[in-house]
Amino acid sequence: MSPCPHHPAPEGDAMSQPDVYDVATLAGGPHRVVDTALVALASTGRVRAVAPGELQVVDPRRRHPVEAAVLDAVGARGRRSVDTVHWRALGDERVTAIGRRLHDAGLLGRVLGPTAAGRRLLRELRAAVGPGDLVRRVALDGREQVTDPALHAAVFEPPRHPVLPGGGTTPWELSFADGWQVAHRTRDTLVARGHASRG
């Protein structure tokens with residue numbers, strides 16, 4: 001994995017120069033990490049939205065373990081809803097390990113978020129971030145930093161239609177890995193649609 005401007009290679013003392021996913025974890029937790037990775041992947045064209053909230057891998061190159069986790073959550077074939085991508089990525093060790101490392105470094109408490117040292121680091125990073133560094137701004141301050149409507153819809157809005165892996169037509173073709181919440185929402189949507197078409 002080669003380093004890039006947004007996130008240096010994770011080897012070495014990551015706390016002396018925290019990468020963008022360290023920053024996201026410190027500022028907003030694991031959900032912020034996945035949001036940040038999706039913005040990075042969509043901005044560089046490695047993931048695209050085939051429709052709002054429906055993601056597909058275009059370029060599987062992995063520049064960071066977190067991005068690899070999110071690419072794996074999207075899957076090599078077909079497409080997945082942004083909700084499912086979050087659900088799958090949040091359980092990945094490559095995402096969850098960051099919080100433990102920040103805790104061991106004294107930057108993140110177990111319950112109450114950043115420690116005094118972590119808050120000081122975040123203040124320094126916010127003061128230094130440039131207006132053009134969208135990925136780092138999302139890491140620091142969340143998805144509201146994405147003001148491009150197309151990009152925001154692509155990576156944050158739920159899909160307008162059920163996303164069924166494998167191109168199936170019934171919710172029961174969803175795999176367990178796609179999550180019971182996604183399956184239930186899909187089932188309810190299709191059942192309601194069926195009632196509407198008969199009524």
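I take angles under 35 degrees as roughly parallel, over 145 as roughly antiparallel, 65 to 115 as roughly perpendicular, and the rest as oblique. Axes are lines fitted to C-alpha atoms, for helices over the stretch in contact, with angles running from 0 to 180 degrees between N-to-C directions.

**Basis.** I worked from a predicted model, in which local features need pLDDT of at least 70, side-chain atom pairs count only at pLDDT 80 or more, and totals for chains, interfaces and linings use all residues. Residues are numbered from 1 along each chain as its sequence is written, and side-chain values use heavy atoms, with hydrogens and water left out.

**Overall layout.** I found eight helices and three strands in the protein chain, taking helices (H or I, at least four residues) and strands (E, at least two) as DSSP runs numbered from the N terminus. From the N terminus on, the order of elements is α-β-β-α-β-α-α-α-α-α-α. Buried residues (under 20% relative accessible area, with exposed over 50% and partly exposed in between; 1.4 Å probe, protein chains only) make up 42% of the 199 residues. I also looked up contacts (heavy atoms within 4.5 Å): among those between residues at least 6 apart in sequence, 57% join residues at least 24 apart.

**Helix 1 against helix 4.** I noted that the axes of helix 1 (residues 20-43) and helix 4 (residues 93-104) come within 10 Å and cross at roughly 135°. The two helices are therefore oblique to each other. Helix 1 passes helix 4 in a left-handed crossing, meaning that the near helix is turned anticlockwise from the far one by less than a right angle, whereas clockwise would be right-handed. Helix 1 contributes Tyr-21, Asp-22, Thr-25, Leu-26, Pro-30 and Val-33 to the contact, and helix 4 contributes Val-95, Ile-98, Gly-99, Arg-101 and Leu-102. I sorted these residues into seven nonpolar, two polar and two charged, where Ala, Val, Leu, Ile, Met, Phe, Trp, Tyr, Cys and Pro count as nonpolar, Asp, Glu, Lys and Arg as charged, and the others, Gly among them, as polar.

**Helix 2.** Eight of the 10 residues of helix 2 (residues 65-74) are buried, so helix 2 is largely enclosed by the rest of the structure. I listed the buried ones as Val-66, Glu-67, Ala-68, Ala-69, Val-70, Leu-71, Ala-73 and Val-74. Their cover includes helix 1, strand 1 (47-51), strand 2 (54-57), strand 3 (80-81), helix 3 (82-89) and helix 4. After helix 2 comes Gly-75, with a positive phi near 95°.

**Helix 2 against helix 3.** These helices pack at an angle of about 130°, with their axes 8 Å apart, and their crossing is right-handed. I recorded the contact as Val-70, Asp-72, Ala-73 and Val-74 of helix 2 with Val-85, Arg-88 and Ala-89 of helix 3. The division is five nonpolar, no polar and two charged.

**Core.** I took a nonpolar core as a set of buried Ala, Val, Leu, Ile, Met, Phe, Trp, Tyr and Cys residues joined through side-chain atoms within 4.5 Å. In the largest, of 41 residues, Tyr-21, Leu-38, Val-39 and Val-70 touch the most other members. Helix 1 gives the most to this core, with 12 residues.

**Val-70 and Ala-37.** Not counting residues up to four places away in sequence, Val-70 touches Val-34, Ala-37, Leu-38, Leu-41, Val-85 and Ala-89. I placed Ala-37 in helix 1, where Ala-37 counts as buried at 0% relative accessibility. With the same exclusion, Ala-37 touches Tyr-21, Val-66 and Val-70.
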